[in-house]
Amino acid sequence: MLLSDLLPHTLREAPAEAEVPSHRLMIRAGLIRRHAAGIYSWLPIGLRVLRKAERIVREEMERIGAVELLMPCVQPAELWHESGRWQKYGPELLRMTDRREREFCFGPTHEEIITDLIRNVVSSHRQLPLTLFQIQTKFRDEVRPRFGIMRAREFLMKDAYSFHLDEDTLAETYTRMREAYERILERIGLDYRVVEADNGAIGGNSSHEFHVLADAGEDTIVYAPQGQYAANLELARAQAPEGERPAPGAELEHVPTPNARTIPEVAKLLKIPAERCVKTLIVQGSEAAAVALVLRGDHELNHIKAARLAEVASPLVLLDAEAVEALGGLKFGSIGPVGLEMPVIADRDAAILSDFCCGANKPGEHYIGVNWDRDVDEPAVADLRLAREGDTSPDGQGTLAFARGIEVGHVFELGTRYSEAMGAVAQDDHGAERPLSMGCYGFGVSRVVAAAIEQSHDKRGIIWPAAIAPFDILVVPVGHGRSADMLGAAERLHDELEQAGFEVVLDDRALRPGVMFKDAELLGIPHRLVLSERSLEQGMVEYRARTAESNEDIPRERIADFLRERMHPPE
């Protein structure tokens, strides 16, 4: 294939809005072009990469017995009303009306459509279990589309859905899908982590995310390098503290703390460590008007964990200063659990403190020497805090480390959340109708391309994993514009390598050698072959791998065998 036929359009500089390496490099290399915020065209070279990622995903889906179908992008609003998500999904859902004023949306996901389909075509347990998938364009109206393809509004996604009459087959499919995702990422050649995750707007039970590790990742991944534990920071468990709470050793004492409102200010004024203080946050309750959440002074609240408490309203609402003061004159900076007339829930680390410091519920005043059960009623206890680097792993295998991750896949056990709402049932082997249990499995096909670049690039350009590189080999004939023999030799080499089974592109543009070499590095094609007058005279081809710092001269007659050995070294 000729490079000139692929609409090449490389840039020396990236546009100002490109914030991360993948965005800058995809624009500079001419893989994508922006039309509006978060909306891009894939140019021919970029599309080759995207299709290779898509092929790997499709092969792994078919390997586990998933069957491909294609559902509409535009979905009728009544299905979303049935599921209860028309309003709940929020402004990311692109709503529209047709000429008859009927409401539709451009699908960000397809739980409603697939459930509607299945309730009309599946009626018996003999048709189950069933797993269906599609690879299709989605649209989510991101409030701030950024990072190019990584957080675009329009993107290519593989979404799969499984249907079951029992939890055992759902668990089996969930496991097979998780293993398929691992194989996809391993085949592409990416460093990744599988982490416990929150279900978010999709709903359901078990949930895992698949994160490609990269500095530009928007999520913080918590994992134990010495063990198997990994979770999104939002869901990461903190290990329960060991031992019993020490007996009280000090008397309750009321102390003035003028102009000290934060934990660091109070700790400094009273000359005590922050971990001997507690902070009290007031949130909206599910039954009581307000609930107090108490954490150790050096810990931070995990909002996902707090929102899951039965006593706490969901979504989580932290009361503002006005609402807090209405509860009895409470002021931020001096709130504490002593004498507080509302339910109190303490984090496990706060619950084992003795002789601690807390606000006295009066501005500029605190208590020291506070003890649970003596000075304040025993609280309810829960895991409320964010995990921290260096914490002991919840499974006891080493300590926790943090890394940045780009989420490229998410699997859910949905249970009957959609089937019950939309009446998707099937008869069991006794003839009784039962709601179908569902699994939902998403994989960002376009996002994984950006994630691969984030993980593998240098100052010169992209370094593609071989599995999704647009081509295996780039042939660069130096000075071919002045020599028909040079271009002919390059074409013969190109054709010979294609016949040998390689994917080859020939840079036939009449450009200076330096420009061609810079573009070669920017495009990131794994293997580059250069023909020059010198190499032709000597019967050699100049070879350089994309990651190498120097060239190698390879005899022309050996080049195909040499490339096979480089691409498929013996084990």
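## Close-up views of a predicted model

**View 1. The surroundings of His 211.** Leaving aside residues up to four places away in sequence, His 211 touches Asp 191, Tyr 192, Arg 193, Val 195, Asp 219, Ile 221, Asn 232, Gly 405, Ile 406 and Glu 407. The model shown here, as in every view below, is a predicted one. His 211 belongs to strand S10, which covers residues 207-213, and the side chain of His 211 reaches the backbone nitrogen of Glu 407 at 3.4 Å. Is His 211 buried or exposed? His 211 has a relative accessible area of 0%, and therefore counts as buried, since that word is used for values under 20%.

**View 2. The second largest pocket and its lining.** This pocket has a volume of about 390 Å³, and 21 residues line the second largest pocket, with Arg 261, Lys 279, Thr 280, Leu 281 and Gly 333 lying nearest its centre. Helix H7 (263-270), strand S14 (278-284) and strand S17 (356-359) are the elements that give two or more residues to this lining. Which element gives the most to the lining of the second largest pocket? That element is S14, which supplies 5 residues. When the lining of the second largest pocket is sorted by class, 13 residues are nonpolar, 6 are polar and 2 are charged.

**View 3. Strand S6 and its partners S4 and S5.** Strand S4 (residues 74-76) and strand S6 (residues 103-106) run antiparallel and are joined by 3 bridges, while strand S5 (residues 94-97) also runs antiparallel to S6, to which 4 bridges join it. Phe 104 of S6 can be followed towards each of these strands, for Phe 104 is the bridge partner of Pro 76 and is also the bridge partner of Met 96. S5 and S6 form a hairpin with 5 residues between the strands, and in this hairpin Glu 101 takes a positive phi near 65°.

**View 4. Glu 244 in a loop.** Glu 244 is found in the loop that lies between strand S12 (230-232) and strand S13 (253-256). Because its relative accessible area is 74%, Glu 244 is classed as exposed, a word kept for values over 50%. Glu 244 and Leu 353 are 109 residues apart in sequence, and their C-alpha atoms are 9.5 Å apart in space.

**View 5. Glu 17 in the segment before helix H1.** Glu 17 is placed in the segment that comes before helix H1 (21-28), and, when residues up to four places away in sequence are not counted, Glu 17 touches His 23 and Arg 34. Glu 17 is partly exposed, with a relative accessible area of 42%.

**View 6. The whole chain, as a setting for the close-ups.** The secondary structure of the chain comes to 16 helices and 30 strands, and its C-alpha atoms fill a box of roughly 95 × 65 × 50 Å, taken along the principal axes. Of the 571 residues in the chain, 52% count as buried. Among the contacts in the chain with a separation of 6 or more, 68% are between residues 24 or more positions apart.

Methods. Residues numbered from 1 in each chain as written. Predicted model: local features only at pLDDT ≥ 70, side-chain atom pairs only at ≥ 80, totals over all residues. Heavy atoms only, no water. 1 Å grid on protein atoms, 1.4 Å probe; cavity = no way out; pocket = protein on both sides within 12 Å on 5 of 7 lines; lining within 4 Å. Points joined across faces, edges and corners; volume = space filled by probe spheres on them. Nonpolar A, V, L, I, M, F, W, Y, C, P; charged D, E, K, R; others polar. Buried < 20%, exposed > 50% of the residue type's maximum accessible area, 1.4 Å probe, protein only. Polar contact = N/O pair within 3.5 Å; in protein donor to acceptor, adjacent residues only side chain to side chain. Contact = heavy atoms within 4.5 Å. Pairing = 2+ DSSP bridges.
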